[in-house]
Amino acid sequence: MKRILVTGGAGFVGANLCERLVEDPNNYVIALDNLFTGRLRNLEKCRKHDNFEFIRADVQEKIDIHVDQIYNAACPASPPAYQASPTNTTKTCVLGVINMLELAKRYDATMMQFSTSEVYGDPEVHPQVENYRGSVNPDGIRSCYDEGKRVSESLCFDYNREFGTKIKVIRIFNTYGRYMDPNDGRVISNFIMQALRGEDLTIYGDGSQTRSFQYVDDLVEGIIRMMNDSRDDFYGPVNLGNPGEFTMLELAEKVLAMTGSKSKLTYCPLPGDDPTRRRASIEVAKKELHGWEPKIALDEGLEKSIEYFRQYIE
């Protein structure tokens, strides 16, 4: 059996990935998570399978497990979570990635690093292409995550060049769907939960800032193709996102209409270093990942997500 380690495996993206991987009886899937933001309830379906194992541990600590593939998703991804302990976030992006690269080197495994569109910062190039070097504030409140992920990428490519370690690097754009924490502070979960509770929807700034939203099933398909179907000499980085671009006001209006909520909009100051525009260029992914591109439009994904979040409303 192929032994696969998913760090951050109880998190939003990690749990969806584990659920997909464990469906293949030729895979033995090991989810590792310290449960800082991950939740065991996300793994209920996975834990019913004999080819699944959960380990509570922190990637900042060395671990020795014989594996063939590593999906390194370990790191808080929402601003409130990674800003709650910024030094811990940076340690996860540095020490955690080093530990996973060392593990990959030891067992000749392939290590995929889950990077982020945040490496582009508040971009001066639109849409964002992989060879754009970004505009990131190195000492801002988001730098623990933004710069941490940039260092993560650097470590991956240096290990590949110096030691021949097999790597893959993906840059994930805003993703949403089942297993999101309803209180994680990201915009789609915020809007849906506020609408379902009849609370005012919080708009930061004037609502004109944009994002491109990708449903989690599309992301997981791209992740697996990057690991298994792409060329051995294609390491990335590669953007995985949905190129559809929406303002925060457009998103809020969609959520209100689809939930039937009578909630109003309330406006708050824009957080520091919050990007004003974000849109994925996915031409590289379409070329290298056998024509991969998102299949689930925003309206369909929001329907699925609203249904998922209803369970949290008393």
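Colleague: Which residues touch the most other members of the largest nonpolar core?
Modeller: Keep in mind this is a predicted model: local features need pLDDT of at least 70, side-chain atom pairs count only at pLDDT 80 or more, and totals for chains, interfaces and linings use all residues. Side-chain values use heavy atoms, leaving out hydrogens and water, and residues are numbered from 1 along each chain as its sequence is written. A nonpolar core is a set of buried Ala, Val, Leu, Ile, Met, Phe, Trp, Tyr and Cys residues joined through side-chain atoms within 4.5 Å, where buried is under 20% relative accessible area, exposed over 50% and partly exposed in between (1.4 Å probe, protein chains only). This core has 66 residues, and those touching the most other members are Leu17, Tyr71, Phe114, Ile170, Ile223 and Leu251.

Colleague: Which residues does Leu251 touch?
Modeller: Contact here means heavy atoms within 4.5 Å. Leaving aside residues up to four places away in sequence, Leu251 touches Val187, Ile188, Phe191, Phe213, Leu298 and Leu302.

Colleague: What is the strand order in the open sheet of 7 strands?
Modeller: Strands (E, at least two residues) and helices (H or I, at least four) are DSSP runs numbered from the N terminus, and two strands pair if DSSP finds at least two bridges between them. The pairing is parallel in this open sheet, and the order is β3-β2-β1-β4-β5-β6-β11.

Colleague: Why is one side of β3 and of β11 left without a neighbour in the sheet?
Modeller: β3 (52–56) and β11 (238–240) stand at the edges of the sheet. One side of each has no neighbour there because each has a single partner strand.

Colleague: What is the bridge partner of Met111 in β6?
Modeller: β5 (residues 110–116) and β6 (residues 166–172) run parallel and are joined by 7 bridges. In β6, Met111 has as its bridge partner Ile167.

Colleague: At what angle do α1 and α6 pack?
Modeller: Axes are lines fitted to C-alpha atoms, for helices over the stretch in contact, with angles from 0 to 180 degrees between N-to-C directions. The axes of α1 and helix α6 (residues 216–228) are 10 Å apart, and the packing angle is about 65 degrees.

Colleague: Is Thr90 buried, partly exposed or exposed?
Modeller: Thr90 sits in helix α3 (residues 86–107). Its relative accessibility is 32%, so Thr90 counts as partly exposed.

Colleague: How many Å separate the C-alpha atoms of Thr90 and Lys105?
Modeller: Along the chain, Thr90 and Lys105 are 15 residues apart. Their C-alpha atoms are separated by 22 Å.
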